[in-house]
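Subject: Structure handover and notes

Hello,

Please find the structure below. My notes on what was found in it follow.

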Amino acid sequence: MKTKTICFANNKGGSGKSTTCCNVGFELSKMGYRVLMIDGDMQMNLSLSLFGEDEVLHSAQSGNNIYTAITQQADICDYITPTKYENLDMVLSSSLMSNIEFDLFSKWQRELILKNCLASVKDSGKYDFILMDAPPTLGGWVMNMLCASDYLVIPVEASPWGLFGLANMFEFFATVKQINSDISLLGVAITKVDTRKNYFKQTVDALQNTDGVHMFQNYIRTDSSIEWAQDASLPVAVYKPSARSAKEYKALTQEVVSLVNR
Ligand SMILES: Nc1ncnc2c1ncn2[C@@H]1O[C@H](COP(=O)(O)OP(=O)(O)OP(=O)(O)O)[C@@H](O)[C@H]1O
Ligand SMILES: [Mg+2]
């Protein structure tokens with residue numbers, strides 16, 4: 001199977017990108033797929049969702065992270081850290097990513113730097129999936145992430161402001177397509193849902209009526225187990241296998257797999 005690269009992006013902060021990237025990645029690895037996750041955010045939330053603070057700070061300081069790989073324009077293979085789970089590896093982030101826009105600015109073909117860093121790992125066929133967690137911005141770095149991706153998944157919070165920002169994301173995606181015509185929008189995933197609230201129904205209606213946008217059938221409801229799992233640096237399915245969100249992320253992952261295998 002050819003390596004499939006999926007980027008989780010949305011300029012709206014707190015929409016569930018890191019949580020979704022982590023838990024979909026973990027479920028894919030449990031299904032037997034070989035998965036590499038890339039933390040592209042200076043907040044290091046994806047890194048912290050599987051590694052303890054000490055390990056994350058160590059890799060930030062030692063240079064074993066995405067920032068060094070990008071600024072050195074190096075082969076990503078040399079920056080991969082195995083997780084304690086089978087089939088699941090990660091390229092951690094660093095707070096230096098706060099500087100990445102500035103670093104990219106003077107580089108030749110700056111939109112394609114990440115794509116080039118990933119070329120050899122993709123060619124090697126070592127992974128079935130590469131999942132990337134984007135920061136809540138729309139600039140040259142997220143452009144890099146999307147130029148290196150086959151698919152975009154947009155996690156959206158079911159809230160008025162969650163929907164408001166989406167137009168910018170769609171516009172940005174249209175610009176990305178001019179450079180990377182192979183990328184497709186896999187879908188919008190609704191997260192942090194409270195089904196008792198009317199706004200959830202309104203969000204679903206709005207998304208179902210947006211042309212050319214697939215909405216994932218499996219949405220993720222608000223569940224405090226998510227936060228406890230993150231506090232323990234564990235995927236929710238490991239922290240509490242019976243958690244509702246663990247089941248929901250498993251179902252969402254199955255939907256992702258069936259869509260990319262279409
Ligand atoms: N299903 C859920 N139930 C409860 N809390 C959740 C759920 N999903 C995410 N959260 C919480 O919401 C917050 C935002 O989630 P997350 O960090 O995944 O979003 P993000 O889009 O990556 O944010 P950022 O834009 O800052 O990178 C986190 O504190 C997380 O613990
Ligand atoms: Mg995040």
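Which residues does Ile 190 touch, not counting residues up to four places away in sequence? The answer is Val 156, Ala 158, Thr 203 and Tyr 219, where two residues are in contact if their C-beta atoms, placed from the backbone, lie within 7 Å.

Before the rest, the ground rules. This is a predicted model, in which local features need pLDDT of at least 70 and side-chain atom pairs count only at pLDDT 80 or more, while totals for chains, interfaces and linings use all residues. Residues are numbered from 1 along each chain as its sequence is written, and chains are lettered from A and ligands numbered from 1 in the order in which they are written.

Single residues

Ile 190 sits in strand β7 (residues 184-191); helices (H or I, at least four residues) and strands (E, at least two) are DSSP runs, numbered from the N terminus. Ile 190 is buried because 25 other C-beta atoms lie within 10 Å. A residue is called buried if 20 or more other C-beta atoms, placed from the backbone, lie within 10 Å of its own, exposed if 12 or fewer, and partly exposed in between. Thr 203 is 13 residues away from Ile 190 along the chain, and their C-alpha atoms are separated by 8.5 Å.

Ile 130 belongs to strand β5 and is buried as well, with 26 C-beta neighbours inside 10 Å. Its contacts, leaving out residues up to four places away in sequence, are Thr 3, Thr 5, Leu 36, Ile 38 and Leu 118. Between Ile 130 and Leu 152 there are 12 Å from C-alpha to C-alpha, and they are 22 residues apart in sequence.

Ala 60 is part of helix α3 (residues 53-62). With 21 other C-beta atoms within 10 Å, Ala 60 is buried. Beyond its neighbours within four places in sequence, Ala 60 is in contact with Asn 65, Ser 94 and Ser 95.

The nonpolar core

A nonpolar core here is a set of buried Ala, Val, Leu, Ile, Met, Phe, Trp, Tyr and Cys residues joined through C-beta atoms within 7 Å. The largest one has 78 residues, of which Cys 7, Ala 9, Leu 131, Met 145 and Leu 146 touch the most other members. Helix α7 (residues 140-147) supplies the largest share of this core, 6 residues.

How many of the 8 residues of α7 are buried? The count is 7, so α7 is mostly covered. The buried residues are Trp 141, Val 142, Met 143, Asn 144, Met 145, Leu 146 and Cys 147. They pack against β1 (4-8), α5 (100-105), α6 (113-124), β5 (129-133), β6 (151-157) and α9 (166-179).

Ligand 1 and helix α1

Ligand 1 is surrounded by 21 residues, and the closest are Gly 13, Lys 17, Ser 18, Thr 19 and Pro 136; a residue counts as near if its C-beta atom, placed from the backbone, lies within 6 Å of the molecule. Two or more residues of this shell come from each of α1 and α11. By class, the shell has 4 nonpolar, 12 polar and 5 charged residues. Ala, Val, Leu, Ile, Met, Phe, Trp, Tyr, Cys and Pro count as nonpolar, Asp, Glu, Lys and Arg as charged, and the others, Gly among them, as polar.

Ser 18 is found in α1 and is buried, with 25 other C-beta atoms within 10 Å. Apart from neighbours within four places in sequence, Ser 18 is in contact with Asn 45, Leu 46, Ser 49 and Asp 133. The C-alpha atoms of Ser 18 and Met 132 are separated by 8.9 Å, although the two are 114 residues apart along the chain.

Helix α1 (residues 17-30) also packs with helix α13 (residues 244-260), at an angle of about 75° and with the axes 9 Å apart. That makes the two roughly perpendicular, a label for angles of 65 to 115 degrees, with under 35 roughly parallel, over 145 roughly antiparallel and the rest oblique. Axes are lines fitted to C-alpha atoms, for helices over the stretch in contact, and angles run from 0 to 180 degrees between N-to-C directions. On the α1 side the residues are Asn 23, Val 24, Glu 27 and Leu 28, which meet Tyr 249, Lys 250, Leu 252, Thr 253 and Val 256 in α13.

Regards
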